[in-house]
Amino acid sequence: MSQSENWWNEFFDTFRPFFGVVDAKTTRAEARYLIKKLKLGPRKSFLDLACGIGRLSIPVARSGARVTGVDIMSSFLEELDRKARRGKLRIETIQSDMRRINFRNHFDSAANMWTSFGYFERESDNQLVLRKVYQSLKPGGRFLLHTINRDWVIKNFARTGWFSVGATKVLEERSFDFSTSISRSVWTFIRDGEEKSHRVAIRMYSLHELIAMLEKAGFREIEGFGSLKDEPVSSHSRMMYIFGRKQKTDGKSRKPVSFRG
Ligand SMILES: C[S@@+](CC[C@H](N)C(=O)[O-])C[C@H]1O[C@@H](n2cnc3c(N)ncnc32)[C@H](O)[C@@H]1O
């Protein structure tokens, strides 16, 4: 079984067919939301951080925006490059760990979608990702963090879960460490009688923690919603959509911290 440190490398390789668990209708709705809320379109630049196979990079690029997709998995980026070429879309791909990106005042907006956050055991590393996004944005640029809501996870906690895509079944055996809010699970992929198991460890966050982390990274005008209809976050919201804006003036004349949701 693969170990939980740097678990993502092997896990996402096996996970590839499971991008299919998000149906096309949901992806279309998320893409429309991104385009509308981040005001994407022609002449806009957009960073899709942990872009995977470009589930959202592709519809955003179709809006006319210049998309940069960053991911750790070169096989995902190769697949995205092929699709972009076929669709004549402007998508640049960069293989990088999300902690190591090094853009400065470069993008009009950025997003990290579908719980691609909280992957690092050291809290300072998760915080670093937000700081790196902040540095990547132009002043006034907006960021969307779309991730699972810890409070929903606790309320609906189930030790095991089964789901499947095509001929592959997955058993997820979960435990939750209340001292760190890290969800540790073993995912066993079963196909044609063969089993492959991976350990996964994700730090889960409540809304108030992410607001504090975004503020610490420098973001202001923070908003958080519990659905694509901009409903408030509650323990009934499985996912959260949290926005922050890079200040127009860095440093001295900081806007007061505010939250809307
Ligand atoms: C759940 S998928 C989400 C993909 C995409 N955002 C979407 O909505 O379809 C998480 C992605 O994070 C990427 N990833 C995992 N660890 C990473 C890291 N340390 N740095 C950059 N990307 C990483 C994985 O390769 C995978 O593509």
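**Briefing: fold and ligand shell**

The protein contains 7 helices and 12 strands. The model is predicted. Its 261 residues would give a radius of gyration near 18 Å for a compact globule, and the protein agrees with this, at 18 Å.

**Overall dimensions and packing**

- The C-alpha trace spans about 60 × 45 × 35 Å along the principal axes of the protein.
- Of the 261 residues, 37% are buried.
- Among contacts with a separation of 6 or more, 64% are between residues 24 or more positions apart.

- Eight strands form an open sheet with mixed pairing, in the order 3-2-1-4-5-11-10-12.
- Strand 3 (91–95) and strand 12 (259–260) each have a single partner strand, so each is left without a neighbour in the sheet on one side.
- Strand 1 (residues 45–49) and strand 2 (residues 66–71) run parallel and are joined by 5 bridges.
- Leu 47 has Thr 68 in strand 2 as its bridge partner.

**Helices on the sheet**

- Helix 5 (residues 123–136) packs on the sheet, where it touches strand 1, strand 4 (107–112) and strand 5 (137–148).
- The direction of helix 5 makes about 145° with that of strand 5.
- Helix 7 (residues 207–217) lies across strand 5, strand 10 (220–225), strand 11 (239–245) and strand 12.
- Helix 7 runs at about 155° to strand 10.

**Ligand shell**

- The ligand is surrounded by 19 residues, of which the closest are Trp 8, Ala 50, Gly 52, Arg 55 and Trp 114.
- By residue class, the shell around the ligand consists of 13 nonpolar, 3 polar and 3 charged residues.

How values were computed. Residues numbered from 1 in each chain as written. Predicted model: local features only at pLDDT ≥ 70, side-chain atom pairs only at ≥ 80, totals over all residues. Near = placed C-beta within 6 Å. Nonpolar A, V, L, I, M, F, W, Y, C, P; charged D, E, K, R; others polar. Pairing = 2+ DSSP bridges. Helix = DSSP H or I, 4+ residues; strand = E, 2+ residues; numbered from the N terminus. Contact = placed C-beta atoms within 7 Å. Axes fitted to C-alpha atoms, helices over the stretch in contact; angles between N-to-C directions. Rg over C-alpha atoms; globule rule 2.2 N^0.38 Å. Buried ≥ 20, exposed ≤ 12 C-beta atoms within 10 Å, placed from the backbone.
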